[in-house]
Amino acid sequence: MLHKTRGIVFRTIRYSDTSIIVHIFTELFGLRSYLVNGVHAKRAKVKASAFQPLALVEMNVTNREKSHMHRISDLLPAHPWNTIPYDIAKSSVLLFLNEVLYKAIREEEPHEALFEFISHSLQILDLSTESPANFHLVFLAQLAGLLGFSPHGTWSADTPVFNLTEGVFQGHEPSHAHFMSAEVSLAFAQVLGANFENAHSLPITTFRRRELLRKIIEYYQLHIATVKEIKSHVVLEEVLG
């Protein structure tokens, strides 16, 4: 039975000379794996180029509950990128987010709010005319809530330290090493209070942005077992300065 669903491409793996396996986060079914044959053929119905990282697509698919592999009958782009492929900063942000999302999301059940957040956020990134330098920070801060480990409390002179293991702003440094300094905690609080529309105006220096990003990655690693080593943030830091 065919089902029509929107999807977000997470990862593509070459399966043979003519076939690929694509991991797609779908609106109807959560994360699914699809075997797509003949994508490199000249007359391919669905070409390999359709499965770029975090591409937003509309598909007709088969879904067999007891199967680990499904099929795509046809596929169309839901929102072709206007600027991301031609903007090195945006494309670097996209590739970084792709790595985090692929490692963080393993849900084989539908999660409408999570799907809508990712889809809507990526369209904002594509259409924005502002610098994307802080976009990924706001994205990760908001994503944490949807994944079940939302930061709690607020930054103040009395609670200037963010405890990464507890996910809360507190008044003193914990006995372990998993926390943000007062300066990084303040920057994190500013990110938590921002949205995508005003992220570019946050008063965060390049040095502080790098510190904060590494601590947010650590925060994810502490709360999601599948988020281990993240590599693409190094390239992102170089591109954003």
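What span should the 18 residues of helix α5 (residues 206–223) have at 1.5 Å a residue? The answer is 26 Å, and the end C-alpha atoms of α5 are 26 Å apart, which agrees; the expected span is 1.5 Å times one less than the number of residues. This is a predicted model, where local features need pLDDT of at least 70, side-chain atom pairs count only at pLDDT 80 or more, and totals for chains, interfaces and linings use all residues. Residues are numbered from 1 along each chain as its sequence is written, and side-chain values use heavy atoms, with hydrogens and water left out.

- Strands β1 (residues 2–14) and β4 (residues 56–62) run antiparallel and share 7 bridges; Arg6 has Glu58 in β4 as its bridge partner.

**Helix α5**
- Its buried residues (under 20% relative accessible area, 1.4 Å probe, protein chains only) include Arg209, Leu212, Ile216 and Tyr220.
- Those buried residues pack against several elements, among them α1, α3 (135–146) and α6 (232–240) (contact means heavy atoms within 4.5 Å).

**Arg209**
- Arg209 sits in α5 and is buried, yet has no salt bridge (a Lys or Arg side-chain nitrogen within 4 Å of an Asp or Glu carboxyl oxygen).
- The nearest side chain of opposite charge is Glu237, 9.5 Å away (Lys and Arg count as positive, Asp and Glu as negative; His and chain ends are not counted).
- Leaving out residues up to four places away in sequence, Arg209 touches residues including Ala133, His136 and Leu240.

Conventions
Two strands pair if DSSP finds at least two bridges between them. Helices (H or I, at least four residues) and strands (E, at least two) are DSSP runs, numbered from the N terminus. Buried means under 20% relative accessible area, exposed over 50%, partly exposed in between (1.4 Å probe, protein chains only).
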